[in-house]
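Notebook open, structure loaded. I'm jotting down what I look up as I go.

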Amino acid sequence: MNELEFGFETNAIRNQMERSQYLEHSVPLYLTSSFVFENAEDMRASFTEEKDREIYSRYSNPNVTEFVNKICVMEGAEAGFAFATGMAAVYSTFATLLSAGDHIISVSSVFGATHTLFTKYFPKWNIQTSYFKINEPECIESLIKPNTKIIYAESPTNPAVDILDLEYLGAIAKKHNLLLIIDNCFATPYLQNPIKFGAHLVIHSATKLIDGQGRVLGGITVGSKDFIREIYLFSRITGPALSPFNAWVLSKSLETLAVRLDKHCENAMAVALVLEKHPNVESVKYPFLKSHPQYDIAKKQMKLGGNIIAIQIKGGIDAGRAFLDKIKLCSLSANLGDTRTIVTHPASTTHSKLSMEERLEVSITDSLIRISVGLETVDDIIADLIQALN
Ligand SMILES: Cc1ncc(COP(=O)(O)O)c(C=O)c1O
């Protein structure tokens, strides 16, 4: 199949592994930890990679390879490696590419666990990170040191839904010969392709919108062949591989990614427009609302606005908690990107260990509520949020 000739949805559905002798229509699950060899020579040649074939599911597995191939086509990437979680993808990518003494430049508002990697664990290997604020990307060049290796960012960011100009980041990375790595979790490969703007590697937590139904954990890094080869060699030794079962689930999920995302984004836009007018809402941040501070950049690099909305409600931390207590239909859960709408209050939950100053640094105010808009009837989602706000 020549993927280049087909549209996104056709590739998502038809780009699948070869049929077995049973000629099944839907791809089977290869739930096996290892594979067998014809004889000693076959085994030897497989281990030296003279033969390209399956050996052991820590290295590769047909279901995992299918999932990787689908994401590569969607992201316009040469190669990829899939992981058990998004954080395994983040950690393994950095651990492969960095050496002791290297330096990272990252946007300050990154996912909490990634931030902890940078601040608590990487300093153990003398890997330091400098941060730039989301609204000051022009500071990046002043942070570059002789040992800087990577520029890292998310866009849109979690949980404040800020947007970074990927084309600008790509140009800086190119000018200074640095690696640009983008966590594309909130956008998915359907809404945004960072490689087009100069990213060398793109990371996803597949746990979120790629699964989209809150069932399995998964992660993936895709990009140029040479970097992925290094990531593969590191990972086949350290063992963070995605399970064949989860890969099978995720490949099925990708078949409906476009149609799910279209509806997620339509619902999110409708919710954002209603919340913007509510008297108890201070502000609403959604990438495709004209009032979003980086609206023009979002329009330039994203197909649609995504499913995450950040609102500030009037009344601070107590109002935030009271809002959550009044929610009836939506879920209070740490996940996002599910068919079910999820509301969270970062200041009293995921980011409660940060001081007020640290929270403000990453745009998390006491009254910030993150809404991951699901696929329920949109009027029902709106009615639940409005009754909780009232
Ligand atoms: C932007 C972002 N990156 C990475 C992760 C980590 O993914 P996982 O939970 O699959 O390890 C998350 C999880 O919420 C996320 O939101």
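**Helix α10**

I started with helix α10, residues 244–255: 12 residues, reaching 17 Å from its first C-alpha to its last, close to the 16 Å expected at 1.5 Å a residue. That expected span is 1.5 Å times one less than the number of residues. Helices here are DSSP runs of H or I with at least four residues, strands are runs of E with at least two, and both are numbered from the N terminus.

Housekeeping: this is a predicted model, where local features need pLDDT of at least 70, side-chain atom pairs count only at pLDDT 80 or more, and totals for chains, interfaces and linings use all residues. Residues are numbered from 1 along each chain as its sequence is written.

Which residues of α10 are buried? I get Pro244, Asn246, Ala247, Trp248, Leu250, Ser251, Ser253 and Leu254. Buried means 20 or more other C-beta atoms within 10 Å of a residue's own, exposed means 12 or fewer, and partly exposed is in between, with C-beta atoms placed from the backbone. The cover over those buried residues includes α1 (8–14), α3 (62–75), β1 (79–83) and α11 (257–276).

**Asp262**

Next I looked into α11, where Asp262 sits. Asp262 has 13 other C-beta atoms within 10 Å, so it is partly exposed.

**Two domains**

The protein is split into domain 1 (3–30 + 61–255) and domain 2 (257–389), with bounds from an automatic or database domain assignment. Their centres, over C-alpha atoms, are 24 Å apart. I find 30 residues of domain 1 in contact with 34 of domain 2, a contact being two C-beta atoms, placed from the backbone, within 7 Å. On the domain 1 side, the elements giving two or more residues are α1, α8 (188–191) and α10.

**Around the ligand**

What lies around the ligand? The list includes Thr85, Gly86, Met87, Phe111, Glu154, Asn158 and Asp183. A residue counts as near if its C-beta atom, placed from the backbone, lies within 6 Å. I sorted the shell into 4 nonpolar, 6 polar and 2 charged; Ala, Val, Leu, Ile, Met, Phe, Trp, Tyr, Cys and Pro count as nonpolar, Asp, Glu, Lys and Arg as charged, and the others, Gly among them, as polar.

**Whole chain**

Last, the overall picture: I noted 15 helices and 12 strands. Buried residues make up 47% of the 390.
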